[in-house]
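Open the model in your viewer and keep the selection panel at hand.

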Amino acid sequence: MAAAVAPYLQVAPLTLTFAVFLLVPIATIVVVSFWDYDSIRVIPDFMLLNYEELLTSPVTWQIYLNTLKYAALTWALTLGIGFTVAYFLAFHVRSLTWQITLFMICTIPFWTSNIIRMISWIPFLGRNGLLNSTLLAMGVIDQPLEFLLFSDFSVVLAFVHLYVLFMVVPIFNSMMRIDKALVEAAVDAGATGWQVLTNVIIPLSKPGIAIGSIFVVTLVMGDFITVRLMSGGQSASVGLMMANQISLLQYPAAAANAVVLLLVVLMMVALMLRVVDIRKEL
């Protein structure tokens with residue numbers, strides 16, 4: 001009897017923690033999303049008006065498309081940068097000591113607050129910032145570049161800066177697991193560098209690419225402070241829309257938005273996992 005109950009007792013603490021800190025909050029958000037509200041209170045009731053207003057509003061669709069645009073651009077750029085950095089560390093740096101040293105150097109900027117790292121771009125990209133002043137002094141441009149700050153460019157730049165490490169780490173981990181003998185065998189068989197990359201390294205790095213993509217996409221989809229600061233209030237995202245609804249005490253509307261966002265993100269993650277079966281690859 002004790003042997004039969006022991007496995008359940010072992011998983012009970014983790015199951016309880018999972019239920020209390022994940023399932024219960026999500027269930028609460030789902031329930032509140034069906035409630036009514038006015039300017040001063042939340043009214044427990046069952047209604048579909050929050051979802052109807054959310055899904056039939058052209059503004060909502062535009063904001064979701066804008067958020068997906070940020071996610072796609074950030075994913076593409078972080079994938080390119082992350083793969084390149086991980087490839088260099090895994091295959092061109094032979095010394096383990098130097099690999100660890102260079103990897104730690106990559107992490108140093110991430111020891112500070114996200115807000116500080118975001119704000120640091122403002123004096124650099126501003127109309128009278130360091131970049132525009134340098135370009136004007138060199139005669140490269142005749143007038144300051146307006147698109148550098150408070151634009152989609154600055155939003156995506158900040159996203160890439162904030163989240164690129166989440167792409168580097170899993171890809172680097174996958175590449176370090178690749179048997180170097182496979183690369184040597186491909187070279188001995190006459191494969192070019194490009195063929196080795198596309199037929200050996202990239203396929204074996206797919207788990208890391210998938211994990212990094214999940215991290216980056218989910219973080220961008222739920223972010224709101226980066227869009228608020230780096231766009232100067234000129235752009236919107238789903239997270240920012242929810243933050244504004246909460247500030248106006250529209251909790252049921254924000255909850256409905258959160259449920260829809262959760263479903264969208266889960267569908268995106270499910271699509272990634274269909275492309276790469278992480279459990280099988282690992």
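**Stop one: a nonpolar patch**

Select Phe 18, Leu 22, Leu 23, Ile 26, Val 30, Leu 262, Leu 263, Leu 266 and Met 267, which make a nonpolar surface patch of about 780 Å². The elements that give two or more residues to this patch are α1 (2–32) and α15 (251–275). Color both helices. Which one gives the most? That is α1, with five residues. Keep in mind that this is a predicted model.

Now pick out Leu 22, one of the patch residues. Leu 22 sits in helix α1. Is Leu 22 buried or exposed, or something in between? Its relative accessible area is 36%, so Leu 22 counts as partly exposed. The cut-offs here are under 20% for buried and over 50% for exposed.

**Stop two: a helix pair**

Select residues 180–188, helix α10, and residues 193–204, helix α11. Look along the two axes. At what angle do α10 and α11 pack? The angle is about 165°, and the axes lie 10 Å apart. That makes α10 roughly antiparallel to α11, because angles over 145 degrees count as roughly antiparallel. The crossing of α10 past α11 is right-handed.

**Stop three: a proline**

Go to helix α12, residues 206–222, and select Pro 207 within it. With a relative accessible area of 4%, Pro 207 is buried.

Methods. Residues are numbered from 1 along each chain as its sequence is written. This is a predicted model: local features need pLDDT of at least 70, side-chain atom pairs count only at pLDDT 80 or more; totals for chains, interfaces and linings use all residues. Side-chain values use heavy atoms; hydrogens and water are left out. Patches are made of residues with over 30% relative accessible area and no salt bridge: like charges are joined within 9 Å, nonpolar side chains (Val, Leu, Ile, Met, Phe, Trp, Tyr) within 5 Å. Accessible areas come from the Shrake-Rupley method with a 1.4 Å probe; for residues, only the protein chains shown count as cover. A salt bridge is a side-chain nitrogen of Lys or Arg within 4 Å of a carboxyl oxygen of Asp or Glu. Helices (H or I, at least four residues) and strands (E, at least two) are DSSP runs, numbered from the N terminus. Buried means under 20% relative accessible area, exposed over 50%, partly exposed in between (1.4 Å probe, protein chains only). Axes are lines fitted to C-alpha atoms, for helices over the stretch in contact, and angles run from 0 to 180 degrees between N-to-C directions. Angles under 35 degrees count as roughly parallel, over 145 as roughly antiparallel, 65 to 115 as roughly perpendicular and the rest as oblique. A crossing is left-handed if the near helix is turned anticlockwise from the far one by less than a right angle, and right-handed if clockwise.
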